[in-house]
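Look at the structure first, then read on.

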Amino acid sequence: MEMLLWFLLPVAAASGWIAARRSARGAAPPKPIYDNNPDYFRGLNYLLNEEPDKAIDVFVQLLEVDSETVETHLALGSLFRRRGEVERAIRIHQNLIARPALSREQRAQALLELGQDYMRAGLFDRAENLFKELREMKIHLKPALRNLRLIYQQERDWDACLSVTEALQPLVGEDLGPERAHYYCELAKTALERRQHGQAEGLLRKALAADRRCTRAMHMQAAMASARGDYREAIRGLLRAADTDPDYFPELLPDLIEAHKRLGDLAGLRSYFEQRMARQPTAALELALADIVKDSEGERAAVAYLSERVRSAPSLKGLLKLVEYHGCGSDAAADDVLIGLREHIDRLLHERPQYQCTRCGFSAKTLHWQCPSCRSWGSFKRRPEIEECLQVNP
């Protein structure tokens with residue numbers, strides 16, 4: 001509240017300052033708002049009684065809107081929006097737009113501010129109309145397009161997102177291809193839900209044309225190949241995605257294992273896993289390889305392999321897998337202890353977020369293609385493997 005009190009004092013005295021400026025230019029000064037004006041003294045009374053909200057309303061009404069005071073009104077409206085008082089911000093900016101004396105630039109600035117007020121209030125249809133008007137005026141085009149893109153993303157209107165992004169691309173110094181690729185993937189996802197496979201394939205090709213490193217599109221193409229029984233094509237797509245983005249590899253593992261099983265090629269899969277473990281070991285790959293060892297050589301070999309891995313790089317997931325292997329013994333008392341330990345470790349892993357946005361740090365338990373916090377695309381990754389490691393004192 002102290003900030004508002006200090007802000008209101010210059011607002012209350014603004015007309016005196018304006019009068020002085022106009023007098024210096026030879027113009028007749030307007031009558032000050034505090035000259036025998038009961039509303040002015042009522043506003044001061046609100047200030048003295050620590051009722052700044054009422055004082056603000058009084059002083060805003062007293063402050064005449066003209067070319068000298070537009071910036072003051074804009075600043076007040078922006079301040080209200082930042083404080084979460086969106087209704088007041090809307091009133092101020094609506095009052096500005098209704099004034100015929102505003103210049104084209106001033107009106108455009110007020111439209112932009114009012115559109116942001118509406119967005120903050122969740123009135124996306126009203127905000128959309130204002131930003132469209134700015135787009136037609138070709139003033140504040142970049143923020144207007146950015147806000148339109150946010151609105152269309154919120155409404156899941158991916159075709160509109162593509163249109164706006166295409167218009168925005170020349171105005172920004174960044175490549176918007178990755179975002180466009182995700183819009184195409186969202187459209188392809190909808191097409192698949194409608195069983196429009198041909199349309200989905202075309203949209204995924206457009207996604208990769210927009211961003212040739214879009215692992216999401218590669219994964220979706222592989223899933224479509226697997227669905228039609230072309231497992232070799234699915235494996236090629238999955239390996240391409242793994243090489244493009246190694247951090248995404250854990251998400252590819254289930255489909256990769258399933259495709260090799262369908263082909264009866266677990267030996268080839270094990271060879272690939274061992275090569276990959278040699279150059280880029282991960283906990284997810286370690287556990288998958290342990291399961292293959294178990295299927296091909298038996299549980300004892302799998303326990304020996306995983307025990308060695310856990311000793312060299314301890315992790316909760318590796319320990320949990322060892323507990324699963326050991327929980328099938330003949331000692332009932334030991335089995336009860338291991339089952340209890342497994343439940344504790346499983347709960348600990350379940351409670352910990354597995355994914356994190358690389359831009360804003362937002363964490364979640366499931367993968368999001370668009371960060372719920374900063375709204376960036378493709379920034380969600382599995383937490384670093386070191387996060388899963390147990391702390392071992394030297």
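This is a predicted model: local features need pLDDT of at least 70, side-chain atom pairs count only at pLDDT 80 or more; totals for chains, interfaces and linings use all residues.

Residues are numbered from 1 along each chain as its sequence is written, and side-chain values use heavy atoms, with hydrogens and water left out. Helices are DSSP runs of H or I, at least four residues, numbered from the N terminus.

**H7 and H8**
- Helix H7 spans residues 104–121 and helix H8 spans residues 124–137.
- Their axes come within 8 Å and cross at roughly 155 degrees (axes are lines fitted to C-alpha atoms over the stretch in contact; angles run from 0 to 180 degrees between N-to-C directions).
- That angle makes H7 roughly antiparallel to H8 (over 145 degrees).
- Contact (heavy atoms within 4.5 Å) involves H7 residues including Arg 104, Leu 111 and Met 119, and H8 residues including Phe 124, Leu 130 and Met 137.
- The contact residues divide into 12 nonpolar, two polar and four charged (Ala, Val, Leu, Ile, Met, Phe, Trp, Tyr, Cys and Pro count as nonpolar; Asp, Glu, Lys and Arg as charged; the others, Gly among them, as polar).

**H6 and H7**
- Helix H6 covers residues 86–97.
- The axes of H6 and H7 come within 9 Å and cross at roughly 155 degrees.
- H6 is therefore roughly antiparallel to H7.
- Val 86, Ile 90 and Ile 97 are among the H6 contact residues, and Ala 110, Leu 114 and Ala 121 are among those of H7.
- By class, this contact has 10 nonpolar, two polar and four charged residues.

Key:
Helices (H or I, at least four residues) and strands (E, at least two) are DSSP runs, numbered from the N terminus. Angles under 35 degrees count as roughly parallel, over 145 as roughly antiparallel, 65 to 115 as roughly perpendicular and the rest as oblique.
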